[in-house]
Amino acid sequence: MSYEKICDYSKTLYDLDLKEIISDVEYRIIVEELMNVNRDISEGSEDSIYADFCDTTGSTDKMRDLAYELTKDVTNDYDKCRIIEAYLRQYQYSTSALGGHDPGSDMSTPSGMADIADRFLFETGEGYCVQYTSAMVMLLRLSGIPARAVFGYRYDFPFEQQDKYEVSSNLAHAWPQAYLQGIGWISFEPTAFYFTALDYTWRRKAKEASEDENSLENVLSAIPKAVVENGLENAADDNELSLAEGRVNAIRTTRQIIMIVVLVGLSIALLIVLLIFGGYAAWQLRYRFGTPNDRLRMDVERIKKYIMKRSEEKFEDRGLLSDFTARAPMEMKQDVQRVFEVYYRMIYRQSAYNSPSASENELAKTLRCQLQKKR
């Protein structure tokens, strides 16, 4: 692909100006190096990159059988990668998982990764990026695909632009890469806690619509009954009549005071109800007649609000999606991640193609309603 075409592709799909990152000359050098690597792999040279990243030392028969079962009917290497990735994402994510059978096993050697992968695949069934990556690298190699583990950081950018972005050690991450002939090194994400590359681009998942059963309830206090005025029928003389009239006037005055207090109280209560209902009605109108982008923004803000309210651990909104994802209910965590991913795609890839689809808007609405019920 020519330099101009790859720049146009990057701008159209990702809204990324590649010309600000790499020059025409640098791009040609990279393409030439890639062609040389492909030629080495095609020739099957022992000292080529193919041999370096196909070492399966330490693999067990169970791992070989699993790799065979997963990919035996698949002829395309990319599809093999996706099948293995999807299979591993069924395992439970846990940061307290065990390593390999040998306490000294690590990812620096094929035998170390094989030991970690074997225990993860067939014994514990849970792990974090180290276990997932070790397993996928070894299964890929056993399927005839060159693979390697890479290390870096996985950072979720906040909603709002900031002067600086802090990337700390708790964001360290490992993930596998597969070498596909004619393409190069492609990253995959088998770790269940994170989104895959497919999720970040063209993912579309249908979601059953559900109506919002929660409606705002307006409760008004009953109006106190008026004080009954005493009659004057039994007044015997003028004095008694005067006393009776005085009592009646006092009753009238008391009644007027009570009525004033009641009316003021009702006015205040009615004003509060109108403010609440007016705000709710205005929000509903903006939501109903808003664009798909507007509705997603409104749903995301409510989702953040509900997660923050129901969280047992008090925290401040730093603008980081990971803060809210970590505190979301376990059964909703995956949907929260998906909604936030759609929001990021909309915010950071400004084009008509990055607006949320109808199913994505419905997913955000459904999640908001579910979180609202749990408050």
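**Helix H7**

I began with helix H7, which runs over residues 129-142 and has 14 residues; helices are DSSP runs of H or I with at least four residues, strands are runs of E with at least two, and both are numbered from the N terminus. From its first C-alpha to its last, H7 reaches 20 Å, close to the 20 Å expected at 1.5 Å a residue, where the expected span is 1.5 Å times one less than the number of residues. I note here that the model is predicted, that local features need pLDDT of at least 70 and side-chain atom pairs pLDDT 80 or more, while totals for chains, interfaces and linings use all residues. Residues are numbered from 1 along each chain as its sequence is written, and side-chain values use heavy atoms, with hydrogens and water left out.

I then checked burial and found H7 mostly covered, with 12 of its 14 residues buried; buried means under 20% relative accessible area, exposed over 50%, and partly exposed in between, with a 1.4 Å probe and protein chains only. Among the buried residues of H7 are Cys129, Gln131, Tyr132, Met136 and Arg141. Just after H7, I found Gly144 with a positive phi of about 85°.

In helix H4 (residues 61-71), I listed Met63, Leu66, Ala67, Leu70 and Thr71 as buried. They lie on the same side of H4, because they cover an arc of only 110° around the axis, the arc being that of the directions from the helix axis to the C-beta atoms. The face turned away from this buried side carries the exposed residues Asp61 and Tyr68. The buried residues of H4 pack against helix H5 (77-88), helix H6 (110-124) and H7, with contact taken as heavy atoms within 4.5 Å.

I next looked up the second largest pocket, which holds about 820 Å³ of space. On a 1 Å grid over the protein atoms alone, a pocket is an open set of points where a 1.4 Å probe fits, with protein on both sides within 12 Å along at least five of seven lines, and lining residues have an atom within 4 Å of a point. Grid points are joined across faces, edges and corners, and the volume is the space filled by probe spheres set on the points. The pocket is lined by 28 residues, of which Arg154, Asp156, Leu171, Ser322 and Asp323 lie nearest its centre. Helix H10 (321-327) and helix H11 (333-348) are the elements that give two or more residues to this lining, and H10 gives the most, with six residues. I sorted the lining into 13 nonpolar, six polar and nine charged residues, counting Ala, Val, Leu, Ile, Met, Phe, Trp, Tyr, Cys and Pro as nonpolar, Asp, Glu, Lys and Arg as charged, and the others, Gly among them, as polar.

Within H10 I also looked at Thr325, which counts as buried because its relative accessibility is 7%. Leaving aside neighbours within four places in sequence, Thr325 is in contact with Lys333, Val336, Gln337 and Phe340.

Tyr27 is found in helix H2 (residues 24-43), and I noted it as buried at a relative accessible area of 15%. Not counting residues up to four places away in sequence, Tyr27 touches Met1, Ser2, Tyr3, Ile6 and Ile22; between Tyr27 and Ile6, which are 21 residues apart in sequence, the C-alpha to C-alpha distance is 9.6 Å. Glu20, in the loop between helix H1 (3-14) and H2, is exposed, with a relative accessible area of 68%.

**Whole chain**

Finally, I recorded 12 helices and five strands for the protein chain, and of its 375 residues 37% count as buried. Of the contacts with a separation of 6 or more, 65% come from residues 24 or more positions apart.
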